[in-house]
Amino acid sequence: MERRKLGESGLDVSMIALGTWAMGGTVETWGYVDDRESIAAIHQAIDLGVNLIDTAPIYGLGHSEEIVGKAIQGRRHEVLVATKCGLLFPQSKDQLPPRCLSRESIFRECEQSLRRLRLDVIDLYQCHWPDPQIPIRETMEALTTLLRQQKIRALGLSNFSCEEIAAAMEFGPVHCLQLPFSMLQRRAADDLLPFAFEHKMAAIAYSPLSKGLLTGKFQPGDRPGGIRARDPDFLGERFRRNLRIVDALKEIAAEYGKTVTQLVINWTAASPGVTAALVGAKRPSQVIENVGGVGWTIDDEDQARIDRLLEGTDFVP
Ligand SMILES: NC(=O)c1ccc[n+]([C@@H]2O[C@H](COP(=O)([O-])OP(=O)(O)OC[C@H]3O[C@@H](n4cnc5c(N)ncnc54)[C@H](OP(=O)(O)O)[C@@H]3O)[C@@H](O)[C@H]2O)c1
């Protein structure tokens, strides 16, 4: 699989990365997930040339990191592991994860992630969300200390605005941005993706399948639960509109002998400024289909057809 530069970090990443949020496997978020299937999915991805695996402490409160750590035993040299800091474990099920990017908390979280992942060094360490309570200088100084100590190899920011990233860049290198970008959420094309390109940062597009909506497996009468239940893309008229778009995309995909999932991943990974499409999966069969999303090209005429289909669809969640 084609590899691209992870900004100026010296690392190269596959244009499809594997997301392991769902492998955290809490019933409240993604429903039941079988750990053996998760591990098999990670192995399948590595076998097919995916070299970037993204996780976070908050995904299943450590469980996703532990699964990744287990899966890469004996295959460490084949993968780059990305994890995150800055979202602490909530005290109860009703509480949102508290944000914290203080120096002390980052150091503590980094040690915990290294232990769960069974690693000596984290390849890409990302602030999960900004923390307005902590000066960005303190956060960046902690992260650059970890770079110097060789506990992390590259530094990323996720869900930061251009202004917040520019402020962070005053105090250290930013190699990579992680941002929401999909056919249904294209806002980053106007600001974050050109910003990343201009500043030679990688841009990793998360939720490219809109949490599975763009795979074509949902029907108008469905009421998906868990994490999807409160996502406006899965609600009411907007859900039905999205499904009509998916039907039209299926027709374009079929002309290439591809599935709609593969068309969507291809479109995402080929979008200007995108370094890698970060696609989540729970089982090997999904990984096999998803990897078939690259290695071919959507022609200009069909690109224009897709643009027309998507006109007026980019809502703020
Ligand atoms: N930085 C952040 O704040 C942030 C936020 C969100 C996500 N992320 C990262 O981005 C990754 C991907 O995002 P995401 O998990 O939200 O959504 P996604 O990649 O848009 O969708 C992934 C989900 O779609 C379903 N799926 C995947 N491949 C499929 C296939 N071939 N056929 C049918 N269904 C398929 C699976 O769920 P089911 O089997 O349950 O349908 C899978 O968990 C995450 O795992 C995480 O690493 C980061």
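## Helix H3

In this predicted model, the buried residues of helix H3 are Ile106, Glu109, Cys110, Ser113, Arg116 and Leu117. Viewed down the axis of H3, these buried residues fall within an arc of 130°, so they line one face of the helix. The face turned away from that buried side carries Glu104 and Glu111, which are exposed. The buried residues of H3 pack against helix H2, strand E5, strand E6 (122-127) and helix H4 (136-148).

H3 covers residues 103-117, 15 residues in total. Just after H3, Arg118 takes a positive phi of about 60°.

## Strand E5 and its partner

Strand E5, one of the elements that H3 packs against, runs over residues 80-85. Six of its six residues are buried, so E5 is largely enclosed by the rest of the structure. In a regular strand the side chains alternate between the two faces of the sheet. In E5, Leu80, Ala82 and Lys84 point one way, while Val81, Thr83 and Cys85 point the other way. Both sets are buried.

E5 pairs with strand E4 in the parallel sense, over three bridges. Within this arrangement, Ile53 stands opposite Val81 of E5.

## Helix H1

Helix H1 has 13 residues, 35-47. From its first C-alpha to its last it reaches 18 Å, close to the 18 Å expected at 1.5 Å a residue. Its buried residues are Ser38, Ala41, Ile42, Gln44 and Ala45. Seen down the axis of H1, they fall within an arc of 160°, so they line one face of the helix.

The cover over the buried residues of H1 includes strand E3 (16-19), strand E4 (52-54), helix H2 (63-71) and helix H9. E4 is also the strand that pairs with E5, and H2 is also among the elements packed against the buried residues of H3. Just after H1, Gly49 takes a positive phi of about 100°.

## Around the ligand

There are 28 residues around the ligand, and Gly19, Trp21, Leu209, Gly212 and Gly280 come nearest. By class, this shell has nine nonpolar, 14 polar and five charged residues.

Strand E10 (276-280) and helix H9 (284-291) each supply at least two residues of the shell. H9 also takes part in covering the buried residues of H1.

Notes. Residues are numbered from 1 along each chain as its sequence is written. This is a predicted model: local features need pLDDT of at least 70, side-chain atom pairs count only at pLDDT 80 or more; totals for chains, interfaces and linings use all residues. A residue is near a molecule or strand if its C-beta atom, placed from the backbone, lies within 6 Å of it. Helices (H or I, at least four residues) and strands (E, at least two) are DSSP runs, numbered from the N terminus. Ala, Val, Leu, Ile, Met, Phe, Trp, Tyr, Cys and Pro count as nonpolar, Asp, Glu, Lys and Arg as charged, and the others, Gly among them, as polar. The expected span of a helix is 1.5 Å times one less than its number of residues. A residue is buried if 20 or more other C-beta atoms lie within 10 Å of its own, exposed if 12 or fewer, and partly exposed in between; C-beta atoms are placed from the backbone. The arc is that of the directions from the helix axis to the C-beta atoms. Two residues are in contact if their C-beta atoms, placed from the backbone, lie within 7 Å. Two strands pair if DSSP finds at least two bridges between them.
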